[in-house]
Structure formats: structure tokens, C-alpha cells
Amino acid sequence: IWEVVLQAGFYATPIIYPLTVIKNVTFQKIILLNPVATAMQDARHALVTHASLTTNAVYGGQIYRLIPYGITAAAFLIGFLYFKREAKYFAENL
């Protein structure tokens, strides 16, 4: 099921289309929880046009910019702790 979730997240990320195509603000907020979407929108804003939406514009504040980075840090921390716990058993599980 993890592969299906990752595939759906990949196609939901606004890489080819701008975030302004999505009119529902709730969906825009959900999409911007993806760190890749945040990076793509910031790059589009900086390099292509200033009319594209950024995290600050959608959420309405600078502090919300930390949400995707917090998700990334939490995923890294959980993965690191899992690796430390299971490292001695990796050879047996393979």
C-alpha cells in the first residue's frame, strides 16, 4: 500500500501544473504538506512568475512554512531510530 500512496503523492505534486489551477484552498493546503510541492512552488515563484502561490500565500503566515520541513525531519528521525534498532538483524531478515 505504501507504493500506491507514494505514487498518488507524486501525481498530486504540482510539478507540471501550477497550484493556482486548484481553486479549493483546503486542497491547496493539503498538497503543500508535501515538501516537494513546497519546493516546486517556491522555485516556480522565484524563477518563472511571481503570480504563483507559495506556502506563505496559502497558509497566510511564515510559521506554516515549517510544516513540510517538520514532516521531513520527523520521517528522518523515525527512520533513523528504526535503523538503529533493527541494524543488527538486517542480515538475518534479508
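Reply: We can go from the overall fold to a pocket and then to some side-chain contacts. Keep in mind that this is a predicted model.

Me: OK. How many helices and strands does the chain have?

Reply: Six helices and zero strands. Along the sequence, the pattern reads α-α-α-α-α-α.

Me: What is the radius of gyration of the chain, and what would a compact globule have?

Reply: The chain has 17 Å. A compact globule of 94 residues would be near 12 Å. The C-alpha trace spans about 55 × 25 × 25 Å along its principal axes.

Me: And what share of the residues is buried?

Reply: Buried residues make up 22% of the 94 in the chain.

Me: Which residues line the largest pocket?

Reply: The lining consists of Trp2, Val5, Leu6, Gly9, Phe10, Ile30, Leu33, Asn34, Pro35 and Ile71. Helix 1, residues 2-12, gives the most, with five residues.

Me: How many of the lining residues are nonpolar, polar or charged?

Reply: Eight are nonpolar and two are polar.

Me: Next, aromatics. How many aromatic pairs are there?

Reply: The count is two. One joins phenylalanine 10 and tyrosine 11, with ring centres 5.3 Å apart. Their planes are at 75°, so this pair is edge-to-face.

Me: Is tyrosine 11 buried or exposed?

Reply: Tyrosine 11 is exposed, because its relative accessible area is 58% and the cut-off for exposed is over 50%.

Me: What about the pair of phenylalanine 76 and phenylalanine 80?

Reply: That pair is stacked. The centres are 6.3 Å apart, with 20° between the planes. Both residues lie in helix 5, residues 66-86. They are four residues apart, about one turn of the helix.

Me: How accessible are phenylalanine 76 and phenylalanine 80?

Reply: Phenylalanine 76 is exposed at 61% relative accessible area. Phenylalanine 80 has 42%, so it counts as partly exposed.

Me: Last topic. How many salt bridges are there?

Reply: One. The side chains of arginine 85 and glutamate 86 meet at 3.1 Å, N to O.

Me: Which of these two partners is buried, and which is exposed?

Reply: Glutamate 86 is buried, because its relative accessibility is 17% and buried means under 20%. Arginine 85 is exposed, with a relative accessible area of 52%.

Definitions and conventions
Residues are numbered from 1 along each chain as its sequence is written. This is a predicted model: local features need pLDDT of at least 70, side-chain atom pairs count only at pLDDT 80 or more; totals for chains, interfaces and linings use all residues. Side-chain values use heavy atoms; hydrogens and water are left out. Rings of Phe, Tyr and Trp (its six-membered ring) pair if their centres lie within 6.5 Å; planes under 30 degrees apart count as stacked, over 60 as edge-to-face and the rest as tilted. Buried means under 20% relative accessible area, exposed over 50%, partly exposed in between (1.4 Å probe, protein chains only). Helices (H or I, at least four residues) and strands (E, at least two) are DSSP runs, numbered from the N terminus. A salt bridge is a side-chain nitrogen of Lys or Arg within 4 Å of a carboxyl oxygen of Asp or Glu. On a 1 Å grid over the protein atoms alone, a cavity is a set of points where a 1.4 Å probe fits but cannot get out, and a pocket is an open set with protein on both sides within 12 Å along at least five of seven lines; lining residues have an atom within 4 Å of a point. Ala, Val, Leu, Ile, Met, Phe, Trp, Tyr, Cys and Pro count as nonpolar, Asp, Glu, Lys and Arg as charged, and the others, Gly among them, as polar. The radius of gyration is taken over C-alpha atoms; the globule rule is 2.2 Å times the number of residues to the power 0.38.
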